[in-house]
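My entries follow in the order in which I checked things.

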Amino acid sequence: MLRYVIHRIFYTLPIAIGVSLVCFALVHLAPGDPLSAILPENASPQIIAEIRAAYGLDKPLPVQYVIWLGKVLTGDLGASIKTGQPVLREIIPAVGNSLILAAAAICLAFAAGSVLGGVAGYTRNRVLDRVVTSTAITGVSLPHYWVGMVLIVLFSVELGWLPASGMGGGNWQNMILPTITLAVIPAGIIARSVRASVIEIRKQEFVQTLYAKGLDGRRVLQHVAKNVAPTVMAVMGLQFAQMLGGSILVETVFAWPGTGFLLNAAIFTRDLPILQGTILVLAMIFVAMNLLVDILQMFVDPRVKRS
Amino acid sequence: MSSTPTSLPTPAPLIAAAFRRPSRGFWHTVGTRLRRDPVTLTCAGILLVIITAALAAPWLGLDDPFKMSMVRRLKPFGYQGHILGTDELGRDMLSRLIYGGRLSLFMGFMPVILATLIGGVLGIVAGYVGGRWNMIIMRLIDVFYAFPSVLLAVAISGALGAGLLNSIVSLTLVFIPPIARIAESVTTQVRGQDFVEAARATGASTWRIIRGHVFSNVIGPILVYASSLISVSIVIASGLSFLGLGVSPPNAEWGLMLNTLRQAIYVSPLIAILPGVMIFVTSMCFNLMSDGLRSAMDIKA
């Protein structure tokens, strides 16, 4: 057990370093001088050189990377160019808000997806099966930012039931529309994989044996559910992590003050430290989630360890 | 043994086989199956209409998609010959939706084509050469895989700045890793097969083996996967435009139209959601077609 966990962590380290390299490169990928946003129009070459040195931009890139990485590891992600605030202080509340939304959405997606997929896979009712399969494909093809707009049109504009934007100071009603919007695609994907997995498990001999020895249907369902769990968990973990990226668009539609909102603002003000910091934090959460899913999967299904 | 002469196959069946109608090839079977699939056919029909309309837009006798009018802003469906109404700057919606297909479809296809070429080559090289090169290429790809796809697209576009070209670059980078992975795993499997060994033993060059054996095995799975990416590409590309990272106004593009019409959602909600309908229908048709192709080619998801 422990050996596997350590092995996984060691495998993740180079990826984490690679991710940090990409994030570091982002700023240098940007056209123009990274300082152009803060330098006054008529700055003399001497002042430019001084500021460059102050930001460490006069050193060779590998040195800059090492210095930057050292700072990142101590939690120093630099300062926002617009507000002058430390990047981390701006990011933390935004990440919190995004996580709240993503957590609510994954719960909804899990509930909807496993019920739909489970029923379709279990009953193998042709009509229901068809409905679930096509709903799943529809869910995957939907541009979720548009779903958000349609929901706003329906429930905010036409019916006037729910607020359309912002967090409303923690009012739960403000969460309903963005949560549904964010849950649509993962629900489709989860339903699809639950269905496939239930069908697969029910074909296996041990299920036949359980029925043959006279176990009642509800107890057999428990056995099936236990075997479907690892697959569903893996899909859920990945979807949860993908949501952190996908929420950029949904948060923009609903003016939800999360990371997406922050990123959007950073892109338009060319606030590269915020852009870089947010992407680094989100990507690291994604990497950590993948690791967590792998390890959790091993606890649920010890067979994983051997492969 | 004395049975040696009898153990040789009698030539008659072989000759008969040579004169039999040539057996139907793999692609022929796939084509036949696709032609019998009503869902795939319907989707293909819808897409054909959308694509043809987009390509032939200038000759369809539509209104000028850029002609603004302050007095005709956000008019409802059917207003003075504007079948689908007008947008927030008084431009004809129908015309803009059809013209918008040009950029949206281009942004759906281009990154997938580029990523298939680049990712395919990377994967085949990694899989065929193996060893250290495989390590380097695949670990590099793992790093890009470690980003959520939309986040990576937004990050690269955000750093490079808005623009059509930058959107295509960022989407291509997002799609290369999965394609390279598929190409790599198929190539690695094929490389270990006996028929490759046999080909090498008969003196076939590396290029010939790749062209004849590897390529023909890799092309199927990659094609199926790439076809499913077109719908993703359309949705994410429109998403980038929706964020203001794609093409710039006054260009007609579905995501951008959705973005600029968002302000009008309280005034004329029906018109504001129209571009999204186009994105959704196009993306779903591509998805269903890809599904049809997958089952016609009998490749498991």
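**Interface.** I began with the contact between the chains: 37 residues of chain B are in contact with 39 residues of chain A. Two residues are in contact if their C-beta atoms, placed from the backbone, lie within 7 Å. On the side of chain B that touches chain A, the elements giving two or more residues are helix 6 (131–145), helix 7 (149–160), helix 10 (206–242), helix 12 (269–272) and helix 13 (274–296) of chain B. I sorted the residues of that side by type and got 24 nonpolar, 9 polar and 4 charged. Here Ala, Val, Leu, Ile, Met, Phe, Trp, Tyr, Cys and Pro count as nonpolar, Asp, Glu, Lys and Arg as charged, and the others, Gly among them, as polar.

**Conventions.** This is a predicted model, in which local features need pLDDT of at least 70 and side-chain atom pairs count only at pLDDT 80 or more, while totals for chains, interfaces and linings use all residues. Residues are numbered from 1 along each chain as its sequence is written, and chains are lettered from A and ligands numbered from 1 in the order in which they are written.

**Confidence.** I noted ipTM 0.81 and pTM 0.81 for the model. The mean pLDDT of chain B is 80, and 87% of the residues score at least 70; pLDDT is the predictor's confidence in each residue, from 0 to 100. Where pLDDT is low, the predicted coordinates should not be read in detail.

**Chain make-up.** I counted 12 helices and 0 strands in chain A, and 13 helices and 0 strands in chain B. Helices (H or I, at least four residues) and strands (E, at least two) are DSSP runs, numbered from the N terminus. Of the 307 residues in chain A, 36% are buried; for the 301 residues of chain B the figure is 42%. A residue is buried if 20 or more other C-beta atoms lie within 10 Å of its own, exposed if 12 or fewer, and partly exposed in between, with C-beta atoms placed from the backbone. In chain A, 75% of the contacts between residues at least 6 apart in sequence join residues at least 24 apart. In chain B, residues 24 or more positions apart account for 68% of the contacts with a separation of 6 or more.

**Core.** Which residues touch the most other members of the largest nonpolar core? In this core of 146 residues they are A:I190, A:A283, A:F286, B:L151, B:A153, B:V154 and B:I179. A nonpolar core is a set of buried Ala, Val, Leu, Ile, Met, Phe, Trp, Tyr and Cys residues joined through C-beta atoms within 7 Å. Helix 10 of chain B gives the most to this core, 15 residues.

**Helix 11 of chain B.** This helix (residues 254–261) is mostly covered, with 7 of its 8 residues buried. Among them are B:W254, B:L256 and B:N259. The buried residues of helix 11 pack against helix 6 (144–158) of chain A, and also against helix 5 (93–129), helix 10, helix 12 and helix 13 of chain B.

**B:I124.** I found B:I124 in helix 5 of chain B. B:I124 counts as buried because it has 23 C-beta neighbours inside 10 Å. Beyond its neighbours within four places in sequence, B:I124 is in contact with B:A183, B:T187, B:I210, B:V214 and B:V218.

**Helices 4 and 10 of chain A.** Helix 4 (residues 87–123) and helix 10 (residues 259–268) of chain A pack at an angle of about 135 degrees, with their axes 7 Å apart. Axes are lines fitted to C-alpha atoms, for helices over the stretch in contact, and angles run from 0 to 180 degrees between N-to-C directions. Helix 4 and helix 10 of chain A are therefore oblique to each other; angles under 35 degrees count as roughly parallel, over 145 as roughly antiparallel, 65 to 115 as roughly perpendicular and the rest as oblique.

**A:A255.** A:A255 sits in the loop between helix 9 (217–254) and helix 10 of chain A. Its phi is near 50 degrees, a positive value in a residue other than glycine. A:A255 counts as partly exposed because it has 13 C-beta neighbours inside 10 Å.
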